[in-house]
Amino acid sequence: MGLLSLITGRPGASGFGSASTAEQVTDGVDASNLTVVITGGPSGIGLETSRVFALRGAHVIIAARNTEAASEAKKSITEANQTARVDVLKLDLSSLKSVRAFAEQFNSMNLPLNILINNAGVMFCPFQLSEDGVEMQFATNHLGHFLLTNLLLDNMKATAESTGIEGRIVNLSSIAHEHTYPKVIQFDQLNDKKTYGFLVVLWNCRRS
Ligand SMILES: NC(=O)c1ccc[n+]([C@@H]2O[C@H](COP(=O)([O-])OP(=O)(O)OC[C@H]3O[C@@H](n4cnc5c(N)ncnc54)[C@H](OP(=O)(O)O)[C@@H]3O)[C@@H](O)[C@H]2O)c1
């Protein structure tokens, strides 16, 4: 989707565009045979995604670092929809230890997994290092989700095989991907405080 379509909401080939709601897109869909994990499900796009998946009958696992907010989200979803199946599990994507603990807990529940939505993300936070010593944005948005996906992949493959339903992994992104750094990711400078910041991002966009 280009910037113009994004702003105007003009539908694409699917018949949907940025102005379409999750309810419109899933109208008539029966998701009662699906289990979905949504990271960052307590708020924003993640909350709406959780709500509408639950509305369509899916078993929704909200993976959240703030389990109190996630429980509130679960309450609001189940109050509006008595048959909703929503569970909350603790996950802090900025911590590889927490990601491993989440995957261990999820896999020990013996649930199938059809859809993984890597939605949680932070943007333009002040420079800080994660507990693993990695710049926080990269640690949360990329490393955490990369490890999570790998740790859940066997379950997803087994689910697809036993049910005959193809799995889906959705990575939330941004139109900013059209303005990446021309020299591509500088892996040896990920933790460089001097080259970190909003203005640096704008400068890179201008040159790309
Ligand atoms: N909204 C937009 O216009 C837009 C545009 C481009 C891309 N996106 C992308 O779409 C996704 C959702 O956006 P949004 O606007 O819904 O964001 P949002 O309202 O800020 O919600 C982000 C969610 O991610 C969670 N999160 C942050 N760090 C986490 C961590 N370390 N571990 C687990 N969960 C964590 C937050 O939980 P806490 O409450 O604990 O912070 C929150 O629930 C993001 O990946 C974002 O980059 C959004």
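Here is a short chat about a predicted model and its ligand.

Biologist: Which ground rules apply to this model?
Modeller: Residues are numbered from 1 along each chain as its sequence is written, and side-chain values use heavy atoms, with hydrogens and water left out. Because the model is predicted, local features need pLDDT of at least 70, totals for chains, interfaces and linings use all residues, and side-chain atom pairs count only at pLDDT 80 or more.

Biologist: Happy with that! Is Thr 39 buried or exposed?
Modeller: Thr 39 sits in strand β1, residues 35-39 (strands are DSSP runs of E, at least two residues, numbered from the N terminus). The scale calls a residue buried under 20% relative accessible area, exposed over 50% and partly exposed in between, using a 1.4 Å probe and protein chains only. Thr 39 has 0% relative accessibility, so the residue counts as buried.

Biologist: Which side chain makes a polar contact with the side chain of Thr 39?
Modeller: A polar contact is a pair of N or O atoms within 3.5 Å; within protein, one must be able to donate a hydrogen and the other to accept it, and residues adjacent in sequence count only if both atoms are side-chain atoms. A polar atom of the Thr 39 side chain also lies 2.8 Å from the backbone nitrogen of Asn 119. The side-chain partner, at 2.9 Å, is His 145.

Biologist: Nice! How far is a polar side-chain atom of Arg 65 from an oxygen atom of the ligand?
Modeller: For the backbone, a polar atom of Ile 45 is 2.7 Å from a ligand oxygen, and an N or O atom of Gly 40 is 3.4 Å from one. For the polar side-chain atom of Arg 65, the distance to a ligand oxygen is 2.7 Å.

Technical notes: Helix = DSSP H or I, 4+ residues; strand = E, 2+ residues; numbered from the N terminus.
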